[in-house]
Amino acid sequence: MEQAVAAAGPGERPCHADEDERVAELLAETLLCLGELEMEDVQAVALGPQRLAWELRGSRGPNDHGQGPPNRFYLLTRLSEDAEGLYDRLLETACLHILHFFTQRSTFVARTLVAQSDQLYELITKVDVLIGRLPSQSAEDAGFERRYAKYVTDKYGILSIVGVDLPRAETSWPLDAAYLSLEAIPRAGESEPAAEAAPRPADQALSGHDRVLLRGGAGSGKTTLVQWLAVATAGQRPAPGLEQLIGRVPFVLPLRTIARQESLPTPDRLLAAVRNPLHGAQPPGWADRVLSARRGVLLVDGIDEIPDRDRERTRAWLDDLLIAYPGNLWLVTSRPSAVADDWLAAQGFTEFALSPMGRDEVTAFIGRWHDAVRTTCRDDEERAALDAYEEALLAAVTTKQDLARLATNPLMCGLICALHRSRRGYLPPGRKALYDAALSMLLTRRDTERHVYAPGDPQLDEEPQIQLLQRLAYWLIRNGQAELDREQAERIVADALPNVPAAQALGGAPQVLDHLLLRSGVLREPTAGAVEFVHRTFQDYLGAKAAVEHGDFGLLVNNSHNTQWEDVIRMAVAHARPRERADLLNGLLERGARPGEPASLRLLLLAAACLEHAPDLDPTVRDAVMDRLAFVVPPLGAPAARELAEVGPLALELLPSLVELPDRVTAFTRTDSPFTSEGEAIDYAAEACVIAATHVPTDAAIPYLRQFVRHPFLPVRSQLASSWARFDTQRYYDEVVSRLAPDDLYFAAETEEHARRLLADGCRMLMLRGDFTEDTIQHHLPPGALTHLRLDRNAAVSDLACLDHVQGLRALVLTRCGAVTDLSPLTALSLHSLDWAPPAPRRLPRGLERLTTLEQLRLTLPGTQLPVAPLPRLTWLELDVYHPELDVHAIARCFPRLRHLRVAFRSSPDEGRIDLAPLAALTDLETVSIARADVTGSERLDGIEITLHSKLPRRTGLPA
């Protein structure tokens, strides 16, 4: 009782102070009845905390004799509603702890109840959180929240495919049965390879983060994730890792609805702003109390669905709410390029990006879709046919490239499944054909084949509906909106009616719009007075058709830099006639060639992406696109490769094969090329192509990547080895990792499963990337086989004694391992090579001078400091110096047998300064390589090969 009152804080008591004693007395007397229950501890555990509390409350009736202390039923009648609610919560919490005590006793039959014991641990944690979060809640607020939670669960607890002519079981099903969590990738830092960002389930994005900006393409599942989080919060059934949802209240805030209002809503108007029918029933000040208590989960959906002009106003609105109500959970969703990088970074948001569906996700989706439909089958013959459809579709999405490219998000997967069954196992090829088929089914086949219309009933054929729908779509596109008022929609329909006489039979514009909303399956009315397309994909497709019919090719070109117009332009190429296609693609090329055009690369890639939609095109135009594409494909360097990969799976078709590469290096042989030879250019082209392909995380990239597994250029194979986590674990291992040429290559493991597979296969050079713990390293690394180990990005390891059992280890690389400060434990090993590169330059670790077996050493130096004692066997030394000078006398003194020296001055904006004369004392010295330095004294080194570099060398991890 005291804990609950203390947790509430001053002024927020869970009940009146004069009721504290009565609640405590009632709770004590109820718990005394524990001894009266005729059950053993195992039976009590089997009941669970809620049933046990119920049993305790009902174990004794009223005291009929009027003797003894007042019983709890009498006390209950004397409590207020708030106090009674507190009593119930405290009793259930006490029962949780009692059952937990039972499970810890030596007599408890642990073997048969392990699973239930685990559930109790979880429930104790959750309910303790709940008690701490809700003790001050009034009865009125609690009652409304129960009603509101039911509304949220009912409204958002159903998933639906786009309206199609199939039984309800195929078009909608319970969210908890059908929800498929995709992967989300944290946004990598500017200096970090994106491949090193660890993917996680999208529904775990809020785990450990209070504020998340989630990016994802159209149909990628952003809104579905919003629904899942809303239902999980409302139902108080969060997944493991999301315990912070306990006791919170969800607010689903679609921006397309909110941003259309003159002023963005304050907390008291949040429900009204989204037209929630319960907004008038909320207690006064309820939303303010929820947010002030840090109990809100605010799910802001669709930054990309509001015009650019409204986004700054929306960000200011978010900023004000974040300042006024800290400590709540926030998820904001957007298409990938709708807002700039770090758009909400100042507000403390962590960015994630939804990955396209991989092979496993597509397979799972198809299986769940068909499982749902099986429940509606009337006989075994229908079920057998459905089994055949499922098997055929699974085979098709695995083997057909065109279909695999389409099946990359839940929207398209659902549409493909529906069309496949509706057409008895037949699918049209290509995106335009698929959309044509979908619209044909939605607009005409659905009603005709179900005999919806009686003879003589007014109805619209497919073409008149498309004429009307494309005008609505084009208005939305031109105005940068995803939703419009019904009044505006009626005006657009009214303007179109004189040109669509077939529609006039339905009546005026209101009646025609009602028909489209009711029968087309393409439009919907999300709330009263608002109209939108069921998905942006149909809006773009139909709007593109209108743009072509209006001849608005100049408008398309003028908006080609805008990511919201990309799909519109692609579909316009598909709809256009050959001459129109040529004019549109030439327009994109001409704009991209303008001096200073900031979107020139995007425009060129867009033109290249359009070629797949242009089967009939002037070959000179196609050649012009391909000729310019040759200057960016293969890409020149890693940043250009990642930008190319943003095109998506289409980038795989633009990349040259390994055999084609020698003929595709024109961009590398320009006069400003940084490469010294054609062979070097081809190697770097191969690396850039592999980087681009590994940043298109779909299994369709695996056959392309497989070509490079034996490539002699180490960075190519390093990129392949480091990209395992982006693909299906088993398939990528079988087709890429297991085939990699092992020469000088560290095989990267980002999970324990990766490490187990590599070590079981006899891996001798292993990189553990991420926070592998000392216990994990000690447990998994074998004592004899491993010869080379690299620990990368590890903040968990501080004591290198976890390696002392790996007696075969000869080379150790420590990159970005900030907790390691002492190398002394490595004296137990006979290391020949050590590479030390901390996250930032700092003093050398202790114990380096004790590693007297070293023959190769690479160090990051913040200054002139070197080991205090000689390393007599060292023959190879590589130094990354973050200081303008270096003590060369110390090098000659500490490394008397040195044969090879490499020095790179990295931090100063000016070149370093180095006098090589003291190196004349090294009688075994053979080569000296200096990067970014003013060198003197080289004339003293007769017979020694000296190489000077104006640019810094690449770091490959192992001393070269």
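Strand 14 (residues 765-769) and strand 15 (residues 788-792) pair in the parallel sense over five bridges; two strands pair if DSSP finds at least two bridges between them. The model is predicted, and local features need pLDDT of at least 70, side-chain atom pairs count only at pLDDT 80 or more, and totals for chains, interfaces and linings use all residues. Residues are numbered from 1 along each chain as its sequence is written, and side-chain values use heavy atoms, with hydrogens and water left out. Helices (H or I, at least four residues) and strands (E, at least two) are DSSP runs, numbered from the N terminus.

**Sheet**
- L768 stands opposite L791 in strand 15.
- Ten strands make up an open sheet with parallel pairing, in the order 13-14-15-16-17-18-19-20-22-24.
- Strand 13 (747-749) and strand 24 (945-949) are at the edges with a single partner strand each, so one side of each has no neighbour in the sheet.

**Helices 8 and 11**
- Helix 8 (residues 139-156) packs with helix 11 (residues 222-234) at an angle of about 145 degrees, the axes being 9 Å apart; axes are lines fitted to C-alpha atoms, for helices over the stretch in contact, and angles run from 0 to 180 degrees between N-to-C directions.
- The contact (heavy atoms within 4.5 Å) involves A149, V152, T153 and Y156 of helix 8 and Q227, A230, V231 and A234 of helix 11.

**Helix 16**
- Helix 16 (residues 359-374) has 16 residues and spans 23 Å from its first C-alpha to its last, close to the 22 Å expected at 1.5 Å a residue, that is, 1.5 Å times one less than its number of residues.
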